[in-house]
Amino acid sequence: MKKEFKIISDLILKNSRVLDVGCGDGELMSFLYKNITKDVRGIEISKQNVQNCISKGLTVIEGDAEKDLIQFPDSSFDIVILSQTLQAFLNPEKVLNELLRVGKKAIVTIPNFGHWKVRLNLLFKGTMPVTKGLPYQWHNTPNLHMCTIKDFFDFCANKNIKFIKSLALNEERLLSISKSNLGKRNLFSEIGIFLIEK
Amino acid sequence: MNKFDNIKKLIVKDQLKLDCGQTISNFPIAYETYGKLNSKKSNAILVFHALTGDQFATGINPITKKDGWWKYALGPGKAIDTDKYFVICANVLGGCMGSFGPSNVNPTTGKTYEIDFPIITINDMVNAQYFLIKHFEIEKLFCVTGGSMGGMQVLQFVANYPNLSQTAVPIACTSNHSAQNIALNELGRQAIMADAKWQNGKYEDSDSSPNKGLSVARMAAHISYLSKDALQEKFGRKLQERDDLKFSFDADFQIESYLRHQGSVFVDRFDANSYLYITRAMDYFDLNKKYEGNLSKAFKNSNTKFFIISFTSDWLYPSSENKEIVIALNSIGADVGYVEIESDKGHDSFLLNVPDFLETLRGFLNTSYERLNEEGI
């Protein structure tokens, strides 16, 4: 399983009510179901993925987080997870607000566009960065709104979104992010993992 | 000897108060079962049939000698695996395959009910089938499922008996009949009534039935079960056993010939008055209204796990209407999964060989069943 999923699950209390937004093929949900909580739901846009999830016995609805989160009442989940998907939405701010309305807390992870490899790629090659974590070309990327760890950090601060936990993942190393080390983490981390609340 | 003498029937002695106000008792519910009920009675699935279906969901129908309507989904090794599950399927109230319907004899008059049969509803159908669950002394079903009108019965069943089934799989259905749905049904009913042989519903004693009218009703309905693309692909403007147009009203086109065939085989197995009664029951179906316009209230006492399935090319009960049920369930935090299956086969997709649908249904049932067993329920 992805290291990121293990970190996410460590942030979730036993028997919490969880919604995984953009749950993919249900890998994280299955892990949560077995180890953390039976009360886990998913929403996923790809039919094939939804069918896989349902076949695994996971409770998933086919839907678009940008349109379909509206059907969930306020604070209907303890935790809402959004794993590396925020950048793919037309309106990430709206989605983030919805996450924090539907969930008491949210876990958001982002692929960090501020990582040094990404920066070097643009600086020396002069082309849009293509890395292991960001494998797409400029013309076929689903990532409409790439951001850096620093961007996300500043954005949340601006919108009065509180950080309960901010973590940076680089290779296998997990480090915490604070205001003082933000520049460094932004340069060396591939993924940012944030537990936030409004 | 009656052709229904050798089929399974439960005579319900209890009284059943119908929505129309009448009370019935001592009435037959014809049913069929597949597979074996296990000792814990925890593997039972109640399957509800659609408008023109019957209790013979799979295998060869002993009356019509045709394949059962859900042969792709139900049977040994199929998505609803009868090697594993005990499946009960009943002919609905108002039907014409042995259950209490307009072709039954009214004991007080000695005559066939025909059009004097009480108007029945989806609610009545479901309540009648509840007696079967009692008959088998099943405390909790594993699943209730069905497509189209069968799906409506699933919704009504969970609303009426919130915790009688572990899981519920309504397929390609709606929580209330739309104006378009009612319009199409009315078209069918008017076709039957316009047939002189209908004779205001009193045709049982005469030599002939309103076959023309019933056949037109079936033709119109059949169009609504298919998608435009599927029709175009299968028939297009192809001509029927001729090289050119005949400049007449014969069935020049293959689609005409196909529809006429569908109509003519239908009248051999279905009763025109039953068609009137059952379509009326569908039109009256409005679960939203029954719960003060709030569909969520229908399910608020239930802990049944739902899985809702719709099909991309179904324009009779489109995904948007299926999704309304999902939304109503989500808004009360119910356990609900939903998928829209890609299919060009229209509303009929649930009856046909649509592998994505069948595999997803199989996966849902089997994993849900295993999980319940693991949890010792």
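1. Axes are lines fitted to C-alpha atoms, for helices over the stretch in contact, and angles run from 0 to 180 degrees between N-to-C directions. Helices (H or I, at least four residues) and strands (E, at least two) are DSSP runs, numbered from the N terminus. This is a predicted model, in which local features need pLDDT of at least 70 and side-chain atom pairs count only at pLDDT 80 or more, while totals for chains, interfaces and linings use all residues. Residues are numbered from 1 along each chain as its sequence is written, and chains are lettered from A and ligands numbered from 1 in the order in which they are written.

2. In chain A, helix α1 (residues 3–10) packs with helix α2 (residues 27–35) at an angle of about 40 degrees, and their axes are 10 Å apart. α1(A) is therefore oblique to α2(A) (angles under 35 degrees count as roughly parallel, over 145 as roughly antiparallel, 65 to 115 as roughly perpendicular and the rest as oblique). Two residues are in contact if their C-beta atoms, placed from the backbone, lie within 7 Å. A:F5, A:I8 and A:S9 of α1(A) make the contact with A:E27, A:L28, A:F31, A:L32 and A:N35 of α2(A). By class, this contact of α1(A) with α2(A) has five nonpolar, two polar and one charged residues (Ala, Val, Leu, Ile, Met, Phe, Trp, Tyr, Cys and Pro count as nonpolar, Asp, Glu, Lys and Arg as charged, and the others, Gly among them, as polar).

3. A:L187 belongs to helix α8 (residues 182–188) of chain A. Apart from its neighbours within four places in sequence, A:L187 is in contact with A:G114 and A:W116.

4. Between the chains, 15 residues of chain A are in contact with 21 residues of chain B. On the side of chain B that touches chain A, two or more residues come from each of α9 (319–330), β14 (336–341) and α10 (355–374) of chain B. α10(B) gives the most, with eight residues. By class, that side of chain B has seven nonpolar, eight polar and six charged residues.

5. Chain B is divided into domain 1 (9–176 + 286–374) and domain 2 (182–279), with bounds from an automatic or database domain assignment. The contact takes 23 residues from domain 1 of chain B and 18 residues from domain 2 of chain B.
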